[in-house]
Amino acid sequence: MTTIAFIGTGVMGASIVKHLLKAGHDVTLYSRTKAKSLPLLELGAKWADSPAQAAVNKEVIFTMVGYPQDVEEVYCGVNGIFSTAKKGAIVVDMTTSEPTLAKKLYAVASEKGIHSIDAPVSGGDIGAQNGTLSIMIGGDQHVVESIRPIFEVFGGNIVYQGQTGAGQHTKMCNQIAIAGGMIGTCEAIIYGLKAGLTMEEVLKSISSGAAGSWSLSNLAPRILKQDLEPGFYIKHFIKDMKIALDEAEKMSLQLPGLQLAKKMYDILLTEGYGEKGTQALIKYYENKI
């Protein structure tokens, strides 16, 4: 049993906590909305009134919040993790955030004798529920290996990417690929429907061929059922695309496909789809028919 603090119990965080509890770990929670954590408290998790309180005497502290500014507040704020975390503790930020912030957290943690890892994940609500998330990890490798058994509780593809920030950069590669892939998925569906095809049958043909992808297999069926609920929020995906574009600019890279995808999602945000899943990109096309 490991004593764990978990900060942020959203769409994916809640499922991860369930896996940790089932594996027998002692888990203390903090989330901005306690009501959302009540099912987890009923399963045996403990509650803390702040990140600082949650972090007291914990061996491992996970964070999974919304935006980079939330990450910085959770760690460095007045009631943040760094104000109470014990020497030797391991902090693991699973938020998709800025590589530069990951390096800042590592530096601050090191001064306090704390180990810091950036470990964003992919796989959405389905991966979190099934315990098969892809985890992309940056930080000191010996620290990562020391808690690999915990990652294995909720992850199916756990890959060490390199030093601090490498996990976040890898997640940017993931989000760039998803952005272009969602355009392809939605355009295939809207084309097929216009052509009078039965798209459920079309998916049987193309999902296992060269066009196959996670989005085509998992999100296209949701689109056909008009299920736009989030495995991953559009508002958070826009944040990720902005981070990727900012990092690309620092490297003097032009990513026109990503720029196009972000513009399309920005339009959906203004139309009120920010709380829907990334598959709601289909509305961009439907609204133009």
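Modeller: Start with a term. A residue counts as buried under 20% relative accessible area, as exposed over 50%, and as partly exposed in between. Keep in mind that this is a predicted model.

Colleague: Is Asn57 buried or exposed?

Modeller: Asn57 sits in the loop between α3 (51-55) and β4 (60-63). Its relative accessibility is 54%. The cut-off for exposed is over 50%, so Asn57 counts as exposed.

Colleague: What is the phi of Asn57 near?

Modeller: Most residues other than glycine have a negative phi. Asn57 is a residue other than glycine, yet its phi is positive. The value is near 60°.

Colleague: Where is Ser252 found, and what is its phi near?

Modeller: Ser252 is found in the loop between α12 and α13 (256-270). Ser252 is also a residue other than glycine with a positive phi. That phi is near 60°.

Colleague: Is Ser252 buried or exposed?

Modeller: Ser252 has a relative accessible area of 68%. Exposed means over 50%, so Ser252 is exposed.

Colleague: What about Glu249: is it buried or exposed?

Modeller: Glu249 has its place in helix α12. Its relative accessible area is 62%. The cut-off is over 50%, so Glu249 is exposed.

Colleague: How many Å lie between Glu249 and Gly139, C-alpha to C-alpha?

Modeller: In sequence, Glu249 and Gly139 are 110 residues apart. In space, C-alpha to C-alpha, they are apart by 24 Å.

Colleague: Which radius of gyration does the protein chain have, and what would a compact globule have?

Modeller: The protein chain has 289 residues.

Colleague: What does the C-alpha trace span along its principal axes?

Modeller: There is one span for each principal axis of the trace. They are about 60 × 45 × 35 Å.

Colleague: What percentage of the residues count as buried?

Modeller: Buried means under 20% relative accessible area. Of the 289 residues of the protein chain, the share that counts as buried is 51%.

Colleague: On to pockets. Which residues lie nearest the centre of the largest pocket?

Modeller: About 810 Å³ of space lies in the largest pocket. Helices α4 (68-76) and α12 (234-250) each supply at least two residues of its lining. The lining has 34 residues, and those nearest the centre are Gly10, Arg32, Met64, Val65 and Gly66.

Colleague: How many charged residues are in the lining of the largest pocket?

Modeller: Sort the lining by class. There are 13 nonpolar and 13 polar residues. The charged residues number eight.

Colleague: Which element gives the largest share of the lining of the second largest pocket?

Modeller: The second largest pocket has a volume of about 440 Å³. It is lined by 26 residues, with Ser122 and Trp214 among the closest to its centre. By class, the lining divides into nine nonpolar, 15 polar and two charged residues. The largest share, seven residues, comes from α9.

Technical notes:
Residues numbered from 1 in each chain as written. Predicted model: local features only at pLDDT ≥ 70, side-chain atom pairs only at ≥ 80, totals over all residues. Heavy atoms only, no water. 1 Å grid on protein atoms, 1.4 Å probe; cavity = no way out; pocket = protein on both sides within 12 Å on 5 of 7 lines; lining within 4 Å. Points joined across faces, edges and corners; volume = space filled by probe spheres on them. Helix = DSSP H or I, 4+ residues; strand = E, 2+ residues; numbered from the N terminus. Nonpolar A, V, L, I, M, F, W, Y, C, P; charged D, E, K, R; others polar. Rg over C-alpha atoms; globule rule 2.2 N^0.38 Å. Buried < 20%, exposed > 50% of the residue type's maximum accessible area, 1.4 Å probe, protein only.
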